[in-house]
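Please read the following briefing alongside the sequence and the 3D view. It is arranged by topic.

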There are 2 protein chains.
Amino acid sequence: MRTLYHPPVEEITVEGILHAFSDPVRLEIYINLAVAECAKNCSAFATIQKRTLPKSTLSQHFRVLREAGLIRSERKGVELINSTRCAELKERFGAMILAIIEAYAKQQQAV
Amino acid sequence: MRTLYHPPVEEITVEGILHAFSDPVRLEIYINLAVAECAKNCSAFATIQKRTLPKSTLSQHFRVLREAGLIRSERKGVELINSTRCAELKERFGAMILAIIEAYAKQQQAV
DNA sequence: TCATTAGTTCCGAATTTTAGAACCATGAAA
DNA sequence: TTTCATGGTTCTAAAATTCGGAACTAATGA
């Protein structure tokens, strides 16, 4: 397994972030990580939005989030623990990410 | 030509908006419309991001933006004039759209 | 009526995404 | 030390999506 690539903050783009967020599963994963008080491994999301995803698909989704610069993944034993890079990105992207999280949360509670 | 479908505000979703914004051309079109002081027709964007798009492609991009609820298109004579639904969406999506516009603008001026 | 302009629709090609199968890496048990 | 289990990755073919040329439609004006 190659080492996991995490782009430096200055290489992260608005387009890359919005592409990563364009998939409802990835959006859900990211927001779940963002509001969680602790980091989570990938398989914590094996069942999401009422369906079970194969682990190859889940792995791809995490890679997209990671390479867009949205999350940080660190190996811990046999698993990968994931957390958001929210704080790092705040400087560069201002209120954007928080505003997305809030809009999504508001929408969900309205259902 | 069928009449153009514009979803009512309550049917617009965060996921739909983020999907529409996942394409750099659509993001650019939307932001250009948002910061412009007047509505524009589709072919105003025939050349965008240093390349010329075929009009079938452009037409699809406008349809995606329209059906995501981001823009309003009205026929005026032979052409379609497009404007954002920014004001309408503010109530429902709070600062999200403005935050995206601002993050993108900041990034562009840094280049 | 005919020509022109702006945009849409159709549809095959190109690209991207999905997910099963095989694989790799780590840690723990025997 | 093997050996096994677990968590995740890679490979790859199929499915889904997007792109773009050609033909079309709708409105307008000569």
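**Briefing on the predicted model**

K50(A) counts as exposed at 87% relative accessibility, where exposed means over 50% relative accessible area, buried under 20% and partly exposed in between, with a 1.4 Å probe and protein chains only. This is a predicted model, in which local features need pLDDT of at least 70 and side-chain atom pairs count only at pLDDT 80 or more, while totals for chains, interfaces and linings use all residues. Residues are numbered from 1 along each chain as its sequence is written, chains are lettered from A and ligands numbered from 1 in the order in which they are written, and side-chain values use heavy atoms, with hydrogens and water left out.

**The loop between β2 and β3 of chain A**

- K50(A) lies in the loop between β2 and β3 of chain A; strands are DSSP runs of E with at least two residues, helices are runs of H or I with at least four, and both are numbered from the N terminus.
- Q49(A) is also found in this loop, between β2 (47–48) and β3 (51–52).
- Most residues other than glycine have a negative phi.
- K50(A), although not a glycine, has a positive phi of about 65°.
- Q49(A), another residue other than glycine, has a positive phi near 50°.
- With a relative accessibility of 36%, Q49(A) counts as partly exposed.

**Salt bridges**

- Over all chains, the structure holds six salt bridges, each being a side-chain nitrogen of Lys or Arg within 4 Å of a carboxyl oxygen of Asp or Glu.
- One of them joins the side chains of R72(A) and E88(A), at 3.3 Å from N to O.
- This pair links distant parts of the chain, 16 residues apart: R72(A) belongs to strand β4 (residues 71–76) of chain A, and E88(A) to helix α4 (residues 86–93) of chain A.
- R72(A) is partly exposed, with a relative accessible area of 29%, and E88(A) is partly exposed, with 33%.
- E88(A) also forms a salt bridge with R85(A), and the closest N and O atoms of that pair are 2.9 Å apart.
- R85(A) is buried, with a relative accessible area of 4%.
- A network of salt bridges therefore links R72(A), R85(A) and E88(A), because a side-chain nitrogen within 4 Å of a carboxyl oxygen counts as a bridge.
- In chain B, the side chains of R85(B) and E88(B) meet in a salt bridge, at 2.9 Å from N to O.
- R85(B) is buried at 4% relative accessible area, whereas E88(B) is partly exposed at 33%.

**Helices α2 and α3 of chain A**

- The axes of helix α2 (residues 24–35) and helix α3 (residues 55–67) of chain A come within 10 Å and cross at roughly 70°; axes are lines fitted to C-alpha atoms, for helices over the stretch in contact, and angles run from 0 to 180 degrees between N-to-C directions.
- α2(A) is therefore roughly perpendicular to α3(A), since angles of 65 to 115 degrees count as roughly perpendicular, under 35 as roughly parallel, over 145 as roughly antiparallel and the rest as oblique.
- V25(A), R26(A), I29(A) and Y30(A) of α2(A) are in contact (heavy atoms within 4.5 Å) with L58(A), H61(A), F62(A), V64(A) and L65(A) of α3(A).
- The residues of this contact comprise seven nonpolar, one polar and one charged; Ala, Val, Leu, Ile, Met, Phe, Trp, Tyr, Cys and Pro count as nonpolar, Asp, Glu, Lys and Arg as charged, and the others, Gly among them, as polar.

**Helix α5 of chain A and helix α5 of chain B**

- The axes of helix α5 (residues 96–110) of chain A and helix α5 (residues 96–110) of chain B come within 8 Å and cross at roughly 160°.
- This angle makes α5(A) roughly antiparallel to α5(B).
- The crossing of α5(A) and α5(B) is left-handed.
- M96(A), A99(A), I100(A) and A103(A) of α5(A) make the contact with M96(B), A99(B), I100(B) and A103(B) of α5(B).
- The residues of this contact are eight nonpolar, no polar and no charged.

**P24(B) and its contacts**

- P24(B) is found in helix α2 (residues 24–35) of chain B and is partly exposed, with a relative accessible area of 35%.
- Leaving aside residues up to four places away in sequence, P24(B) touches E15(A) and Q49(B).
- P24(B) and Q49(B) are 25 residues apart in sequence and 8.9 Å apart in space, C-alpha to C-alpha.

Notes:
Left-handed = near helix turned anticlockwise from the far one by under 90°.
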